[in-house]
Amino acid sequence: QVQLVESGGGLVQAGGSLRLSCAASGSTFSISIMGWYRQAPGKQRELVAIFRSDGEINYAASVKGRFTISRDNPKNTVHLQMNSLKPEDTAVYYCSDYSGVWYWGQGTQVTVSS
């Protein structure tokens, strides 16, 4: 059973930075498609950043140039470095793992104050 545990969320002022981490267990991590999604109140869950199966990375247009996704295969972790945060980045951030089946973490709250 795949388990994903996110950490690193919190409250930050606009313009600040946060680094989210996701630790995966029970996963075929090195071949899984790992990514980050977010869901703001009253909105649908949306893609933030994801490693594609060909190794390339997709970013949402709203975060491109501000957020960076990275992965450490030996440690089964994936990170999301978030810089120049804006109030509209406020959401619950979820780590995802796809290798034929979708798995999700419990989410970590990110709140950006203006």
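Is Arg52 buried, partly exposed or exposed? Arg52 is partly exposed, because its relative accessible area is 35%. The cut-offs: buried means under 20% relative accessible area, exposed over 50%, partly exposed in between (1.4 Å probe, protein chains only).

A word on the model. It is predicted, so to speak of local features we need pLDDT of at least 70, side-chain atom pairs count only at pLDDT 80 or more, and totals for chains, interfaces and linings use all residues. Residues are numbered from 1 along each chain as its sequence is written, and side-chain values use heavy atoms, with hydrogens and water left out.

Now the salt bridges. A salt bridge is a side-chain nitrogen of Lys or Arg within 4 Å of a carboxyl oxygen of Asp or Glu. The whole structure has 4. Arg52 pairs with Asp54, N to O at 2.6 Å. Asp54 is partly exposed too, at 48%.

Next, Arg38. Its relative accessible area is 5%, so Arg38 is buried. Arg38 bridges to Glu46, with the closest N and O atoms 2.7 Å apart. Glu46 is partly exposed, at 37%. Arg38 also bridges to Asp89, at 3.0 Å between the closest N and O atoms. That pair links distant parts of the chain, 51 residues apart: Asp89 sits in the loop between β8 (77–82) and β9 (91–98), Arg38 in strand β4 (residues 33–39). Strands (E, at least two residues) are DSSP runs, numbered from the N terminus. Both Asp89 and Arg38 are buried.

Technical notes. Helix = DSSP H or I, 4+ residues; strand = E, 2+ residues; numbered from the N terminus.
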